[in-house]
Structure formats: C-alpha cells, structure tokens
Amino acid sequence: MYKLRVVQSGKQYDYEPGASLLEILLAQNIFIDNPCNGKGVCGKCKVRIVSGEVGEVSSTELRFLKPEEVKSGVRLSCMVHPQCDLEVELMQKERKHEVLSKGYVPKFEKDLDIVKQIVNIHKPLLTDQTPFEDQIKEQLSDVEFPFSVLRGFCFKEGSYTAVIHREKDGKKVLMDLEEGDTTDSMYGIAIDIGTTTVVTALIDMLTGKELADSSMINAQKHFGLDVLTRITYEMEHPKEGVQALKEAIVASINEMIADVCGQTGVKKEQIYEVSVGANCTMMHMLLGVDALSIGKSPYAPMFVKAKDIEAEEIGIHASRGARLYCLPSVSSYIGADIVAGAYVCELHKADENVLFIDIGTNGEIVFSDHGRLLSCSCAAGPALEGMNISSGMRAAEGAIEDVEIKEDGVKLKIIGNADPIGVCGSGILAVVKELVRTGLVRKDGAFIKLKNLEETDYRYPMIEMDGIKRQFKMTEDLKITQGDVRQVQLAKGAILSGFYALLKKAGKEMSELDKVMIAGQFGAHLPADSLIGTGILPAEVKDKLVYVGNSSKTGAYMALLSGQVKRDMEELAHHMDYMELGATEGYERLFADCLMFPEVH
C-alpha cells in the first residue's frame, strides 16, 4: 500500500499498485479530463508529478507533451503506473458549463397519472372493529391496495390523502397514504440525460409550472465521453461496470433533485413522479441494464419500450412509491430523446416535408413526409462537442465559442469573458467555417501551402509550421491542426450524408423540403452561418432553419403531466421507421462526396 497526495487539496489517499494514476484518481472521485477513457489517444489527462519516481516518458506521451512540459514533470496520468509514495499536482479544474435547459413546448392537455383522494378513518369500537385497511378499501373501491403501503404505518382516526397511480391498462394502484390533506401539493421531475450533460427540472404537477432547474455534466464522464467508450468500460469491467455507470448517473440525479428542492423549499417526499428522456444507451445505463449489445453488430438493444417502475428500484430518492417513467426508443441509435423531439415538434402531425436533426456525438435525423416518419443516425463523433480536438474542451468558462478571421487579425469570443484555455464545439465549427471562407483550408480539407501566400497577405502570419505540418494560430498557445480540421470534416460528412440519404430514401428533392428543425444542447449554439459555412447542412436550407431547444427535456415534461402524451409517444415510437445508413446502397460514395467543404466564391 502506497500513499498519493494531491497538492491542490492537500489530501492523502492510500492506493494499491497495479492501476494507472488516472484510475487511482478517478477511484477517489478526483476530476481528470479523460475523453478516451485512458486509452492514450486524447492527451487530455495531464498531471504534474511533484515527487515520486514513475519511470521514463513513453513515446505515446511524447506525442502530446511539449518539451517544456516533460521537463517540468508533466505526464499523462493514463500512461503512468506508480509503485511508490507520490505527490501530484492537478492541471485541470471543473468549470462552470453552459447547459441548455429550455425549449419549445406545444399545446397539450394535462392528464396526470398521479392523483390524490381524501379518505377518512374512524376510531374502531367494540361494536365496529372494521380494520383500517378495509375502511380505506371501501372508500377506494376501484383502487388496488398493495400490502407494502401498510408497512410502517401506525393509523389513527382522522383524514388521510391517498396517492394513486393510474397505470397504462387503466388499473389504479395505491402508492402511499399521507396524514392530513395534502391534495394541494404534488410535484414531479423532468430529466434529459444526454451523453455529455444532464438537465433536471422541478415541476408543479397541479399547475404545470416549472419551478426550478439544475444541470451538470454527466458524471459518467469518468468512464469516457461518448457512448461507445462507456460501453467499452462495461466490457472491460464485467463485474462492476454496469453498476458503476448506473450509480454515477443516479447519484447525479439525486444531487440535482436536492438542488431544485433547496431552491424552492419543496421536500423530496413531495415528488411523486420522475420522467426521463435519454438516448438508448444512457437509458440502459440509468436502469442498470447491460448495454454491450448496442456497441457491436447488429447493434440490437436489450429494450426500446417505455419503462414505468418505482423510482426507488434504481435508487432515486423521492416520495414513497414514486414512479419513474422512461420514454420509449426506436432503436439503439434513435433513442427516447429523439422520440421526444419528434413528438414535441409534432412531426407526426406535419402537413409538409420537415426534417428534424439533433446534432451531437451522434447526429440523429428524422424526416416527416406529411406525418410519415423515417429516421437514421450518423456517428458524428465527439469533435463537434470540442472533444478529439487538440485544444478542445467542453462549453465552459474560458472556452472559445466563436471566431472571426479579419484583415486586422483573429477575433475571439470567449465564454465568461475569461482568458482562452481551449475551444468548444461551436468554436471549432466557427473557426473551420472561417478557414474555409478565407481560403486557408481548401475544399478537400487541407491547409493551403505557405508558399501560395504572399508575405504581405493578412493571412500569412496566421499559418505556422509544426515540423512539416501546417496549423492555424488562434492565440500563441491555442492552435487548430490539420488533424482537428479532419475531425470536423468527418463529422460534417457523416451528418450531411445522413441528410441526403434520408431524403433519397423518402423520394424527395432538396427543393421539396419546407423546414429544418435543429434540436439539442449543442445544436442550439450553432448559428446558421457555421452550419452552412462548413457544409454540415446544405446552403439550400439556410432560410428554413428553426431552433427548438432542448426538446428531450420538453418531451419528459409533457409525459410527466399527461398519461395521454405517454401513450402517444409510445405509439409514435412504434411507427417510426429506422434506416441503417451503413446498409444503404451507394452510401460510401455519398459519404466521400459529403466530406468536401463548400466552394468559396
């Protein structure tokens, strides 16, 4: 057993040799950015070794570390396997993140699945010894009375409030009995679980009003920043992987519930239902269901149907008997978040040709041909969220979120007006758009050669050489490399090819498209100029874009307030067709064509 001391906190931890330094730190819940989950391919998990011998710097580390960093003791924590007492200095800190919590809400009828009813218990007499259970059953004649409700109660005469859950088949089940009249208080929680972020809202179920919201980065980030990396974690940790991922997200939800309750004075015992929208993998991981089959061909999930269970069954703390409703998915890569988005945007009711797209690690696309829905998913990768980019980061304080290249230099917009420390997704897309617009990057994605520029050209000092490779200088420390441009190019090719393939499958021309709806945490921060300028979306749709915000959370909100909405979403998911892009004839050629950046005139 050895000791690890962290400089910033001064805290000391015991550890057994054998694990990587990254694994040791994560086991102590210490934040280390590790998009690749310790595979040594992202270079983001840097720490400084203050004292302790950890061996020679590996060739893998030398790809990511500058000579001055190596000299000062900086290492990649995933590549270091310590076997001594160690003192380390962390080089990152968690920053305040921008998380989208609002979105468009269509009109709908409130139709709660949770209802309350007053019941009265009279004092037993020698001449009337009617049991408390029978007294309640007489007043709730059509309600099932589970034995579990009796446990823990010491009944006395007076009024009680019966909390009743209406199930899908119309059956009514008693959830709990509360002393006194509590009919004027009923609250619920609507949650959007994204791969990157989680948003939680406290809802007054009687009025439909949102009282407070809370958001955070998905705690499963410790196991990787995308779904496939987290699935790989499950595969590599067969004994504890599924449980660890479930516990991470459930702990986050309980923390956010405590936060919104603290903001409003509502008690968690007054929360009767939790409704969740999420992609298919996140839903598996929330419920503690093995997601391995999602990560390998033929990509069949364990389940796609909606789930309605007791919240406490997975460890979510709310009222006694509180329900957890998980919205339905369509397939492994068209999840409940997309079903929610399609429902919120009323694609099933559309009397025109509408294309809905949620842009993130995956680009999910739904096409509505006058109400007939066809969907596909394309692996955009994490580049569009700032990951897999040499200076990439999440949308947090210090992240470059917009870039302009002008004759008098490079203009940066930075979140929080702080000093720039990296570039987030909207920033990387903006800078690539500008590189294409100014001709610094060619149609094929390659930087132009310096010899093709006059030294008097305002663009000349913006390109510099890193050995034999060209890169764009945003600041003295932050550069955009050829590899960064290629990452965006691959994401752009994936999304645009899905766009065209879906239209072709539906037998529609671009000119027949009436509207393009952009949804999601990331999409909301992407201006039309960036989407069109990089060619993620074709120029023909520039004036047809509509931004709908966080439609996944909105769908969870609507389901929380209406049993009919739940049934409608389940029906919509059942009738939404799914198209596997990889199995589409001519897709490889289409993808290659879509890699090209737009022509600049």
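# A walk through the predicted model

Helix H12, residues 551-561, is largely enclosed by the rest of the structure, because eleven of its eleven residues are buried. Buried here means under 20% relative accessible area, exposed means over 50%, and partly exposed lies in between, with a 1.4 Å probe and protein chains only. Helices (H or I, at least four residues) and strands (E, at least two) are DSSP runs, numbered from the N terminus. The buried residues of H12 include Lys-553, Tyr-557 and Met-558. An α-helix has 3.6 residues a turn, so residues three or four places apart point the same way.

Before going further, a word on the ground rules. This is a predicted model, in which local features need pLDDT of at least 70 and side-chain atom pairs count only at pLDDT 80 or more, while totals for chains, interfaces and linings use all residues. Residues are numbered from 1 along each chain as its sequence is written, and side-chain values use heavy atoms, with hydrogens and water left out.

Strand S1 (residues 2-6) runs antiparallel to strand S2 (residues 12-15), and four bridges join them. Two strands count as paired if DSSP finds at least two bridges between them. Within this pairing, Leu-4 stands opposite Tyr-13 in S2. The S1 and S2 hairpin has five residues between the strands, and Gly-10 takes a positive phi near 75° there. S1 also pairs with strand S5 (residues 86-90), this time in the parallel sense over three bridges, and Arg-5 stands opposite Glu-87 in S5.

Which strands pair with S11? S10 and S11 form a hairpin with three residues between them. The hairpin of S11 and S12 has five residues between the strands, and Gly-208 takes a positive phi near 80° in it.

Further along comes a three-stranded open sheet, in the order S20-S19-S21 and with mixed pairing. Strand S20 (409-414) and strand S21 (422-423) stand at the edges with a single partner strand each, so one side of each is left without a neighbour in the sheet. Strand S19 (residues 399-406) pairs with S21 in the parallel sense over two bridges, and Ala-399 stands opposite Gly-422 in S21.

Some backbone geometry also deserves a look. Most residues other than glycine have a negative phi, and most peptide bonds are trans. The loop between S20 and S21 holds Asn-417, whose phi is near 50°, a positive value in a residue other than glycine. Asn-417 counts as exposed because its relative accessible area is 76%. In the loop between helix H7 (280-287) and strand S14 (307-310) we find Pro-298, and the peptide bond from Ser-297 to Pro-298 is cis, with omega near 5°. Tyr-299 is found in the loop between H7 and S14 as well; although not a glycine, Tyr-299 has a positive phi of about 65°. With 35% relative accessibility, Tyr-299 counts as partly exposed.

The last stop is around strand S25. Ile-518 lies in this strand and is buried, with a relative accessible area of 1%. Ile-518 and Gly-341 are 177 residues apart in sequence and 9.8 Å apart in space, C-alpha to C-alpha. Glu-509 lies in the loop between helix H10 (482-506) and strand S25 (515-519), and at 52% relative accessibility Glu-509 counts as exposed.
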